[in-house]
Amino acid sequence: MKFESQPSYSLGQRTPASREVAAGENGGNVTLVSQSALGAINRGRVLQALYDNGPKSRADLARLAGVNRTTITGIVQPMIEDQLLVEGDASPSDVKGGKPARPLYFNPDAPMLGAVLLLPGTIQTCLVALTGEIKAVAKAEFDTHGDTEAFIAVMTETLTATLSQAQQAPFGIGVASAGMIDSDNGTILTVNLAPVLTGLPLVAILQERFSLPVVIDHHPRALLVGDRWFGPGRGQQNFAAVYTGEVLGGAFFIDGKVYRGLAGSGGELGHSVVQIDGALCNCGKHGCWETVAALPWLRKEAARLSFPHPKSVTCARLVKEADEGSKAAEELLDRYTRNVAFGIVNLQQTLSLNSYVLHGDVAGGGLKAAELIRQHVEQLVVKRPGQEISITVNGIGEGHTALRGAAGLVLSSHLKLVI
């Protein structure tokens, strides 16, 4: 954790950091962070350090940052006064003659964060505390091919049911949405499985109705943020989240930051090609990773192989039946996990992230599915000497991880957490 040289900031400042642009050589531009924004950046780094390391005293934070305690006090004291952070009971100092240490952590009574998980046909909303606790969950269904105004009415009603339980106005609302998302402009561009959402300027709609800051991002990126703060990605600088279900998606955490690409277009992993002239995908192209590593492929193969009740086949079911001695389930599980591994191999060869967190259906297969995927990756990838590749499963329920990640979008955008 490193701090910029200017520690002062305004807690109420939740708009994107102001920037100054200077002309560079050869007509290029250099983007500089203004002096007024440096304190906000430092605040974000303190908060991120607390998420990564748990409660820490001012002296602990100073040691982590390589600065003196006075600098840390200048950053954390306003956050204590604004009730964002609280200090715990004093404990004896590790340093002889030092002041008793009082660990700092997030105030459980601070304003909460509104979170929305929007998937084809379903809406889930909740409040998330800064500590990650989830409250006031509400759920609803909507017609994926229905009327836009009817969807907005359902969304408003569901979110109102959640926000009405907040004791004070939340910091904002974060939305994790399926489909292709323009995160810069707050618009859902396309959702093949829910056309009613296509072209919807959801951020503007929710801001108008609730008068709160609203941010939106791709569902797998919200899973990634949830992993970063509360799951296997905590403390890591490089990893990817991979989601399989009716569709396939993913997201990247590179050099300590979420990679979004232009207007949030990065991470459409399901539509990376793994088979030239392969099966037709929902996107209209052929051979996408999604066509061989998501539930529709798995269930189609299960039907072709005469599995009983093929429409209910999942990775978890295959693992269970394979453990019970089913050769057919074992072979299909091996093919399914190999197909998932193919896409991860391409990611590894391109980005060398070395760590991959599984979500969705394939995560339901638990450690056995993860180990099969790891073995296939090891067989297919070109490795450097000493390189280790980790394939893990997030043990938290997918919905909770995505909701926490959606809440994290609010923190990163409006409280200056650098992720």
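## Overall make-up

Helices (H or I, at least four residues) and strands (E, at least two) are DSSP runs, numbered from the N terminus. The model is predicted. By that assignment the protein chain holds 11 helices and 16 strands.

The chain has 419 residues, and 50% of them are buried.

Rolling a probe the size of a water molecule over the atoms shows where empty space is left.

Which domains each give at least three residues to this lining? They are domain 2 (113–225 + 402–415) and domain 3 (234–395). Three elements each supply at least two lining residues: helix α6 (219–230) and strands β12 (239–244) and β13 (248–254).

Asp361 sits in the loop between β15 (355–360) and α10 (366–380). Is Asp361 buried or exposed? Its relative accessible area is 11%, so Asp361 counts as buried.

Leaving out residues up to four places away in sequence, Asp361 touches Thr244, Gly245, Leu295, Leu298, Thr314, Cys315 and Tyr336. One of these partners, Cys315, is itself buried, at 0% relative accessibility. Asp361 and Leu248 lie 113 residues apart in sequence, yet their C-alpha atoms are 9.9 Å apart in space.

## Cysteines

How many disulfides are there? The count comes to 0. A disulfide is a covalent bond between the sulfur atoms of two cysteines. The cut-off for the pair of sulfur atoms is 2.5 Å.

Take Cys281. The closest cysteine sulfur to its own belongs to Cys283, at 3.8 Å, so the two are too far apart for a bond. Cys281 is buried, because its relative accessibility is 6%.

Most residues other than glycine have a negative phi. Two loop residues are worth a look here.

Asp277 is not a glycine, yet its phi is positive, near 60°. Asp277 lies in the loop between β14 (257–259) and α7 (295–304). With a relative accessible area of 71%, Asp277 is exposed.

Asn354 is not a glycine either, and its phi is also positive, at about 75°. Asn354 belongs to the loop between α9 (327–351) and β15. Its relative accessible area is 25%, so Asn354 counts as partly exposed.

## A glycine in helix α9

Gly343 is part of helix α9. Its relative accessible area is 3%, so Gly343 is buried.

Definitions and conventions. Residues are numbered from 1 along each chain as its sequence is written. This is a predicted model: local features need pLDDT of at least 70, side-chain atom pairs count only at pLDDT 80 or more; totals for chains, interfaces and linings use all residues. Side-chain values use heavy atoms; hydrogens and water are left out. Domain bounds come from an automatic or database domain assignment. Buried means under 20% relative accessible area, exposed over 50%, partly exposed in between (1.4 Å probe, protein chains only). Contact means heavy atoms within 4.5 Å.
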